[in-house]
Amino acid sequence: MKYPQIVVEPPGPKAKEIIEKDNRYIMQSFSRWFPLVVSKAYDFIVEDVDGNKFIDFNSGIAVMNVGHRHPRVIEAIKSQLEKFTHYSITDFLYEEPVKLASNLFRITPGSFEKKVYYSNSGAEANEAALKIARGHFQGKRPYIIAFTGCFHGRTYGAMSVTASKPIQRKNFYPLVPGIIHVPFPYCYRCPYRQKLESCNYWCVDFIEDWIFEKFISPDEVAAFIFEPIIGEGGYIIPPKNFFPRLRKLADKYGILLIADEVQSGMGRTGKWFAMEHWNTIPDIITVAKAIASGLPLGATIGRADIMDLPPGSHASTFGGNPVSCAAANAVISIIEEENLLENTRRQGEYIFKRLNEMKEEIDVIGDIRGLGLMAGIELVKSKDEPLPNRELLKKVLISAFKKGLLVIGAGKSVIRISPPLTITRDAIDIGLEIIQESILKNIK
Ligand code: PLP
């Protein structure tokens, strides 16, 4: 198949009709980068309603890790559809979520005994994690420490720990109490104005010296919650010793670590979970997005000894839906049997090499960050004046869309590259070429 293939400038006439109705019928509370109207998709190709074929550098926002409509996922879904589609594990039992649990325990870090709670989304997986942490300490540790910059979802608990963009909270106060935010290590724009060579991880010491000494007692803190690599907030990767140092601090005071791997998990970074890159084992991991290849499913996986909410205290009608769980079991076997972690590492290395070359040549590329197939390009005014270049980001994404590449933004001015883990070298070359042309065209 030849890709990309633009037969009419998007949005074409059929797309325009749907866009007009969408604007009238659907609450426009999301911020869309460009008007793509999808009709079908296969592997890393997405087709719109006017017959344009795009390369997918976005994966439906880091969801389609095994590619769109993977035949084995479709087969697993169909096979479960033939049996039953719902019965609710809140009151009854069936096998698919139990099978999925043992698969998840095998691929998540930590050799201890684990348990899982199923929900329907990333936000809900995080809601559960917060309730589990507070519930485990039976109200004796009411505080949660979250990080400025991280995104955890839109429901009240998840929103209350989120601190990615003010619009996500504006007009929604009061939020859940007992949540304290400290800055996430964003070394390109260090919130403490430090340099990594000399800071000695002040971002961790600050918590002990200023929060625990002057503000709240550490024995009242249930958990830290964080993204291992910030996704929505700008593809920000912490420095090497941040998580080992945070683990040490947490252990000193008996505080739990909750890693929100909703975006960075399920192979996205070349390992099953991003925390493995830092050899740091969280107590609870939250997973959603790519877990069931587009079907709704969230999973909160944790140490068995802390997953101890009592009967009646937490549940969800659809959580652990059998069709979603069947898809998730297929996703795990595909990633294993098709060596997708290996492909992610190999293609990721290539992308970072190419992006770093681009950075040398193009003055408005300020920083290149990420791991595996989670890559960010931070656009700035210039290397001498590294202010975020929001206007350029918007223009670049639209130009790329018109040329047949689906890639969206993150943070203030970051191009976020997160293709399916099945992506080929050829498609990467074409996609990166389009990004480069789109940047150059818009700075002329
Ligand atoms: N956590 C992270 C790291 C995310 O990237 C997202 C979604 O973008 C969420 C949580 C929320 O997931 P959902 O949209 O499925 O509620």
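## The sheet

Seven strands form an open sheet with mixed pairing, in the order S4-S10-S9-S8-S7-S5-S6. The model is predicted. Two strands sit at the edges: S4 (114–119) and S6 (179–183). Each of these pairs on one side only. On average, neighbouring strands of this sheet are turned by 20 degrees against each other, direction ignored.

Strands of a sheet pair through backbone hydrogen bonds, either parallel or antiparallel. Which sense joins S5 and S6? Strand S5 (residues 143–148) pairs with S6 in the parallel sense, over five bridges. Thr-148 stands opposite Pro-183 in S6.

## Helices across the sheet

Helix H4 covers residues 96–107. H4 lies across S4 and strand S10 (298–303). Its direction is about 125 degrees to S4. Recall that S4 is an edge strand.

## H4 against H10

H4 also meets a helix. The axes of H4 and helix H10 (residues 322–337) come within 9 Å. They cross at roughly 35 degrees. The crossing of H4 and H10 is left-handed.

Which residues of H4 take part in the contact with H10? They are Glu-96, Pro-97, Lys-99, Leu-100, Asn-103, Leu-104, Arg-106 and Ile-107. From H10 come Pro-322, Cys-325, Ala-326, Ala-328, Asn-329, Ile-332 and Glu-336. Nine residues of this contact are nonpolar, two are polar and four are charged.

## H12 against H13

Helix H12 (residues 390–403) and helix H13 (residues 425–443) form another pair of crossing helices. Their axes come within 9 Å and cross at roughly 130 degrees. H12 is therefore oblique to H13. The crossing of H12 and H13 is right-handed.

On the H12 side, the contact involves Leu-392, Lys-395, Val-396, Ser-399, Ala-400 and Lys-403. On the H13 side, it involves Ile-434, Glu-437, Ser-438, Ile-439, Lys-441, Asn-442 and Ile-443. How do the residues of this contact divide into nonpolar, polar and charged? Six are nonpolar, three are polar and four are charged.

Key: Residues numbered from 1 in each chain as written. Predicted model: local features only at pLDDT ≥ 70, side-chain atom pairs only at ≥ 80, totals over all residues. Heavy atoms only, no water. Axes fitted to C-alpha atoms, helices over the stretch in contact; angles between N-to-C directions. Helix = DSSP H or I, 4+ residues; strand = E, 2+ residues; numbered from the N terminus. Parallel < 35°, antiparallel > 145°, perpendicular 65-115°, else oblique. Left-handed = near helix turned anticlockwise from the far one by under 90°. Contact = heavy atoms within 4.5 Å. Nonpolar A, V, L, I, M, F, W, Y, C, P; charged D, E, K, R; others polar. Pairing = 2+ DSSP bridges.
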